[in-house]
Amino acid sequence: MIDCIFTIDYEIYGNGTGALHELVYEPAERLKEVFRRFDARFVTFVEVAELEKIEAAGSDPAIDRVTRQIRELYRDGFEIALHLHPQWSRARHDQGRWLLDYAEYNLCTLPRERIEHIVEESLRYLRDVLHDPGFTPLSFRAGGWLFQPTRTAAAVLTGRGIRIDSSVFKGGVQHNHSLDYRAALKNGSYWRFSQDVNEPDPNGPWIEIPVHTEMVPFWTMLTSKRVGLQKRSGHGGRSGRHRLNRLRDFMRPRYPLKFDFCRMTLPELTSMMGKLIREDRNTDLYRPVVAIGHTKDLIDLHTVESFLSFLQ
C-alpha cells in the first residue's frame with residue numbers, strides 16, 4: 001500500500017533574501033486551501049531559526065501573519081515539524097540585509113553543546129508560536145538535507161522526543177558539505193536507524209522516511225520550470241570552487257530526481273507515481289512515499305491541484 005506524504009519546507013531563500021508574505025505566507029495559504037478541498041493535509045516543516053531572528057529584529061511586518069498561520073495549520077490538523085538551517089542562529093540584520101553565519105551551515109558538524117542550544121531555542125520558539133508549552137514535533141528535516149555525520153545531532157534530537165527524520169534523498173551527494181546518501185539506495189522505503197542515517201538498525205530510536213527519488217540521467221533535470229526556479233532562488237555570488245563542486249554533484253550517469261511537487265511538471269509527477277503504483281501491485285508491503293516542496297517555489301498551484309486529483 002502506498003501512502004503519499006506531502007511535505008513543505010516553510011521558509012524564505014537560504015541566503016536570507018525574500019519577503020515572508022510573498023515566499024511563505026501567501027503560498028502556504030493557497031496550498032492549504034487546495035489541500036482542504038481534497039480533505040487532505042501536508043506536513044509543514046517550519047524553519048524556526050529564521051522566523052525567530054526575523055521576529056527579534058522586526059525586519060519583516062508579515063511575521064505576525066506567519067506565526068498566526070502556523071497556529072491555524074496546527075489547529076486544522078496539519079502536522080507541524082521542525083526544520084533547521086543553523087546558519088540563522090547567529091545571523092545579524094544590518095542595513096536592510098541578513099548576514100548569516102555559514103560556519104554553522106551543517107548542524108551535524110557543530111559541537112554537542114552548540115547543537116543542544118540551537119535545538120532548545122528552536123523548540124522553545126515553536127512552542128511559544130503554537131501557544132502550546134507541551135508541544136514536541138514528531139518529525140525533523142535538516143537544513144540542506146544535511147543529516148551527516150548523524151550520531152550527535154540525532155542523539156540530541158531524539159533526547160527531546162523527535163522520532164522521525166526526512167532529510168535523506170537516496171543517491172544524493174553534495175561535495176561542498178561531504179554529504180553522501182548513495183549508501184541509502186540499498187535500503188527499503190523506510191527504516192529504523194540510530195547512529196548513521198544511512199545504516200538501518202532494527203533497534204534504533206529513529207525512523208527515516210526519505211524524500212522519494214528516482215535515479216535519472218542528469219540532463220533530464222534541465223527542465224525550464226526547474227531552471228527558472230533555480231534562477232529565482234538568488235544563489236549567485238558563490239565561489240568558483242563551490243560552483244565546481246555543485247557541477248560534480250550533477251555530472252554522473254544518474255542523478256536523484258526528488259519527488260518535488262513544486263519543481264516537477266504534471267507529466268513528471270504522474271509518471272513517477274505511475275511507476276510506484278505498478279510496483280505496488282506486486283507487493284503487500286506498506287510504502288510511505290514522501291513528496292517535497294518549498295513555499296518559496298510554490299508558483300504553480302494548478303499542477304499541484306491536478307496531481308491531487310490524479311491521486312484521488
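Hi everyone, let's start at one residue: Gln87 sits in the loop between strand 3 and strand 4, which covers residues 92–94. Before we go on, please keep in mind that this is a predicted model.

So, is Gln87 buried or exposed? Its relative accessibility is 0%, and because buried means under 20%, Gln87 counts as buried. Which residues does Gln87 touch? Leaving aside residues up to four places away in sequence, Gln87 is in contact with Gly14, Leu100, Asp101, Tyr102, Glu104 and Tyr105.

Now let's step from that loop into the sheet. Strands of a sheet pair through backbone hydrogen bonds, and they can do this in a parallel or an antiparallel way. Here we have an open sheet of eight strands with mixed pairing, and the order reads 10-11-7-6-3-2-1-14. Strand 10 (191–193) and strand 14 (287–294) are at the edges with a single partner strand each, so one side of each has no neighbour in the sheet. Helix 2, residues 48–57, packs on the sheet and touches strand 1 (2–10), strand 2 (43–47) and strand 3. The direction of helix 2 makes about 50° with that of strand 2.

Let's zoom in on strand 6. Strand 3, residues 80–84, pairs with strand 6 in the parallel sense over three bridges.

What about the two faces of strand 6? In a regular strand, side chains alternate between the two faces of the sheet. In strand 6, residues 139–142, Ser139 and Arg141 are on one side, while Phe140 and Ala142 are on the other. All four are buried, and both faces of the strand are covered.

Last stop: a pair of helices. Helix 1 (residues 20–37) packs with helix 9 (residues 301–311) at an angle of about 20°, and their axes are 10 Å apart. Angles under 35 degrees count as roughly parallel, so helix 1 and helix 9 are roughly parallel to each other. Helix 1 passes helix 9 in a right-handed crossing. From helix 1, the contact uses Arg30, Leu31, Val34, Phe35 and Arg37, and from helix 9 it uses Leu301, Val304, Glu305 and Leu308. Those contact residues split into six nonpolar, no polar and three charged.

Technical notes:
Residues are numbered from 1 along each chain as its sequence is written. This is a predicted model: local features need pLDDT of at least 70, side-chain atom pairs count only at pLDDT 80 or more; totals for chains, interfaces and linings use all residues. Side-chain values use heavy atoms; hydrogens and water are left out. Axes are lines fitted to C-alpha atoms, for helices over the stretch in contact, and angles run from 0 to 180 degrees between N-to-C directions. Angles under 35 degrees count as roughly parallel, over 145 as roughly antiparallel, 65 to 115 as roughly perpendicular and the rest as oblique. A crossing is left-handed if the near helix is turned anticlockwise from the far one by less than a right angle, and right-handed if clockwise. Contact means heavy atoms within 4.5 Å. Ala, Val, Leu, Ile, Met, Phe, Trp, Tyr, Cys and Pro count as nonpolar, Asp, Glu, Lys and Arg as charged, and the others, Gly among them, as polar. Buried means under 20% relative accessible area, exposed over 50%, partly exposed in between (1.4 Å probe, protein chains only). Two strands pair if DSSP finds at least two bridges between them.
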